Amino acid sequence: MKFFIDTANLDQITEAQNLGILDGVTTNPSLMAKEGITGNSNIFNHYKKICEIVDGDVSAEVISTEFNGMVEEGNHLSKISDQIVVKIPMTKNGVKALKYFSNNNIKTNCTLIFSPGQALLAAKAGADYVSPFIGRLDDITSDGLSLISEIRQVFDNYNFKTEILSASIRHNMHIIDCAKIGSDVVTAPLSSIVGLLNHPLTDSGLKKFLDDHKKGN
Ligand code: G3P
């Protein structure tokens with residue numbers, strides 16, 4: 001399973017990259033705004049910086065909701081680096097744009113996926129990734145992880161190459177459950193990724209090993 005970090009924060013991206021487990025980065029307009037990155041040219045330059053830090057795929061989201069605008073923005077963003085994956089919202093124009101980019105060998109990530117039907121349409125249009133949002137479904141008392149299972153089944157039935165990029169991860173268990181279901185990728189905040197490191201028996205076990213070593217010296 002690939003690990004992406006879901007942030008536009010350069011320090012956190014660097015920390016995850018230095019950990020040696022990072023396969024890519026996802027951002028969205030809200031995450032950019034959270035870092036105070038506003039204005040098209042600042043956002044463009046920020047994507048450049050992210051691509052310089054990581055080796056893998058970097059999702060860069062279009063703002064336009066019109067087909068022509070999505071194509072123009074996506075083509076512009078894709079010139080930053082081969083790492084850029086154009087992130088397109090799940091709308092009718094978005095599906096058309098996914099097909100356009102697929103025909104032009106530009107990688108895409110279809111975002112705001114909340115149903116298996118949406119994921120199926122994105123896959124049919126040639127999306128490289130679909131991003132189902134687990135946490136936001138959980139937030140409205142729906143079952144985000146069931147959506148991942150359903151999409152997994154649909155994609156496996158027809159051998160779609162589109163990768164399931166599970167997003168809107170809220171905690172460590174979401175990551176574990178995604179891995180058990182067979183999600184191809186999870187994108188998560190740094191806190192959820194490094195949270196996987198922790199176990200009290202590891203801490204107490206290490207303490208005992210070090211204490212015992214001291215006794216023998
Ligand atoms: O990047 C998209 C997704 O991960 C958003 O997560 O926490 O805003 O629901 P969240």
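## Close-up views of a predicted model

View 1. Gln12 touches Ile5, Thr7 and Leu190, leaving aside residues up to four places away in sequence. Leu190 sits 178 residues from Gln12 along the chain, yet their C-alpha atoms are 6.6 Å apart. Gln12 belongs to helix H1, which covers residues 10-19. Its relative accessibility is 31%, so Gln12 counts as partly exposed.

**View 2. The aromatic pair of Tyr100 and Phe101.** Six aromatic pairs occur in the structure. One of them joins Tyr100 and Phe101. The ring centres of Tyr100 and Phe101 lie 5.1 Å apart, and the planes stand at 80°. This pair is edge-to-face, because planes over 60 degrees apart count as such. Phe101 has 0% relative accessibility and is therefore buried. Tyr100 has 25% and is therefore partly exposed.

**View 3. The aromatic cluster of Phe67, Tyr100 and Phe101.** Ring pairs link these residues, Phe67, Tyr100 and Phe101, into a cluster.

**View 4. The aromatic pair of Tyr158 and Phe160.** A pair of aromatic rings is described by the distance of the centres and the angle of the planes. For Tyr158 and Phe160, the centres are 6.4 Å apart and the planes meet at 55°, so the pair is tilted. Is Tyr158 buried or exposed? Tyr158 counts as exposed, because its relative accessibility is 59%.

Definitions and conventions
Residues numbered from 1 in each chain as written. Predicted model: local features only at pLDDT ≥ 70, side-chain atom pairs only at ≥ 80, totals over all residues. Heavy atoms only, no water. Helix = DSSP H or I, 4+ residues; strand = E, 2+ residues; numbered from the N terminus. Buried < 20%, exposed > 50% of the residue type's maximum accessible area, 1.4 Å probe, protein only. Contact = heavy atoms within 4.5 Å. Phe/Tyr/Trp six-rings, centres within 6.5 Å; stacked < 30°, edge-to-face > 60°.
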